[in-house]
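Please look through the sequence and the model shown below before reading on.

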Amino acid sequence: MKKRNFLGGAAAAAIAMPFAARAASQPVENLKSPTLLTVTGAVTKTNRGPLDPMLDQMLAKQKVTFEKAHAFTFEALTAMPASTIKPTIEYDKKVHTLRGPLLVDVLKACGVTGDTGKLAMRAVDGYSPTVTIADARKYRFIVATHFDGKPMPLGGLGPLWGVYEPDGFVDMAAKPVDARFANCPWALFHIDVQA
């Protein structure tokens with residue numbers, strides 16, 4: 001499935017998904033705006049109940065199931081300490097500034113500690129690369145909320161992007177620019193923490 005062709009339909013589902021989270025059998029606690037990121041799997045700090053297959057359409061269509069999860073709004077993510085990276089982006093081969101919390105800090109907010117385990121990061125089109133938690137820490141992955149100082153819109157690279165700065169690592173910088181971001185899903189909306 002091509003990411004660009006899927007985004008139109010996925011945008012509608014993405015808008016519906018936050019309301020689904022609120023209507024689930026165990027409501028999302030203390031959220032004042034729509035959920036943008038849902039973290040499931042080996043999480044111990046949760047704020048929402050199980051998947052509702054009727055209301056959580058995008059998650060259900062991508063065969064995601066869970067009994068509990070941690071849901072993040074844009075405000076929750078931007079309230080966390082932010083890191084700034086300046087990678088050369090594959091799409092225009094230019095350096096851009098991205099900002100957002102470290103992925104390991106997002107995991108910590110979900111009760112995930114240590115470096116064992118893997119993360120399946122899922123984009124709205126179903127693209128789901130898997131990285132180890134150790135690599136997420138080593139390469140300083142962020143959940144980018146801002147691109148060149150502006151929030152990223154749905155339909156572009158956002159509203160969230162799981163990304164790092166490959167330019168700063170010899171092993172990654174040695175790769176062609178268009179081969180450095182295979183583990184970086186833009187339009188990120190779900191992370192499954194696999195123990």
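## A hairpin in the predicted model

Strand S5 and strand S6, the latter spanning residues 130–132, are joined by three bridges and run antiparallel. Together S5 and S6 make up a hairpin with six residues between the two strands, and Gly-126, which lies in the turn, has a positive phi of about 95°. This is a predicted model, and the values given here are computed from it.

Strand S5 itself covers residues 118–123 and is mostly covered, with five of its six residues buried. Strand S5 also pairs with strand S11 (residues 188–194), to which six bridges join it in an antiparallel arrangement. At one place in this pairing, Ala-123 stands opposite Leu-188 in S11.

## The five-stranded sheet

In general, the strands of a sheet pair through backbone hydrogen bonds, and they may do so either parallel or antiparallel. In which order do the five strands of the open sheet with mixed pairing lie? The order is S2-S1-S11-S5-S6. Strand S2 (70–73) and S6 stand at the edges with a single partner strand each, so one side of each of them is left without a neighbour in the sheet. From one strand to the next, the twist averages 20°.

The parallel part of the pairing includes strand S1 (residues 35–41) and S11, which are joined by four bridges. Within this pair, Val-39 has Ile-191 in S11 as its bridge partner.

## The four-stranded sheet

Another open sheet is formed by four strands in the order S3-S4-S8-S9, and here the pairing is antiparallel. Its edge strands are S3 (82–85) and S9 (150–151), each of which pairs on one side only. Strand S8, made of residues 146–147, is joined to S9 by two bridges, and the two strands run antiparallel. His-146 has Pro-151 in S9 as its bridge partner.

## The second largest pocket

The second largest pocket has a volume of about 150 Å³. Its lining is made by 13 residues, and those nearest its centre are Val-131, Phe-141, Tyr-164, Met-172 and Asn-183. Strand S6 gives the most to this lining, with three residues. When the lining residues are sorted by kind, seven are nonpolar, three are polar and three are charged.

## Aromatic pairs

The structure holds five aromatic pairs. In one of them, the rings of Tyr-139 and Phe-169 have their centres 4.9 Å apart and their planes at 80°, so the pair counts as edge-to-face. This pair links distant parts of the chain, 30 residues apart: Tyr-139 lies in the loop between helix H5 (133–138) and strand S7 (142–144), while Phe-169 lies in the loop between strand S10 (161–163) and helix H6 (170–173). Tyr-139 and Phe-169 are both buried.

Another pair is formed by Trp-161 and Phe-181, whose ring centres are 6.3 Å apart and whose planes stand at 40°, so this pair is tilted. Here too distant parts of the chain are linked, with Trp-161 in strand S10 and Phe-181 in the loop between H6 and S11, 20 residues apart. Trp-161 is buried, with a relative accessible area of 1%, and Phe-181 is buried as well, with a relative accessible area of 5%. Ring pairs link Tyr-139, Phe-141, Trp-161, Tyr-164, Phe-169 and Phe-181 into a cluster. Phe-141 and Tyr-164 are also among the residues that lie nearest the centre of the second largest pocket.

Note on methods: Residues are numbered from 1 along each chain as its sequence is written. This is a predicted model: local features need pLDDT of at least 70, side-chain atom pairs count only at pLDDT 80 or more; totals for chains, interfaces and linings use all residues. Side-chain values use heavy atoms; hydrogens and water are left out. Two strands pair if DSSP finds at least two bridges between them. Buried means under 20% relative accessible area, exposed over 50%, partly exposed in between (1.4 Å probe, protein chains only). On a 1 Å grid over the protein atoms alone, a cavity is a set of points where a 1.4 Å probe fits but cannot get out, and a pocket is an open set with protein on both sides within 12 Å along at least five of seven lines; lining residues have an atom within 4 Å of a point. Grid points are joined across faces, edges and corners, and a volume is the space filled by probe spheres set on the points. Ala, Val, Leu, Ile, Met, Phe, Trp, Tyr, Cys and Pro count as nonpolar, Asp, Glu, Lys and Arg as charged, and the others, Gly among them, as polar. Axes are lines fitted to C-alpha atoms, for helices over the stretch in contact, and angles run from 0 to 180 degrees between N-to-C directions. Rings of Phe, Tyr and Trp (its six-membered ring) pair if their centres lie within 6.5 Å; planes under 30 degrees apart count as stacked, over 60 as edge-to-face and the rest as tilted.
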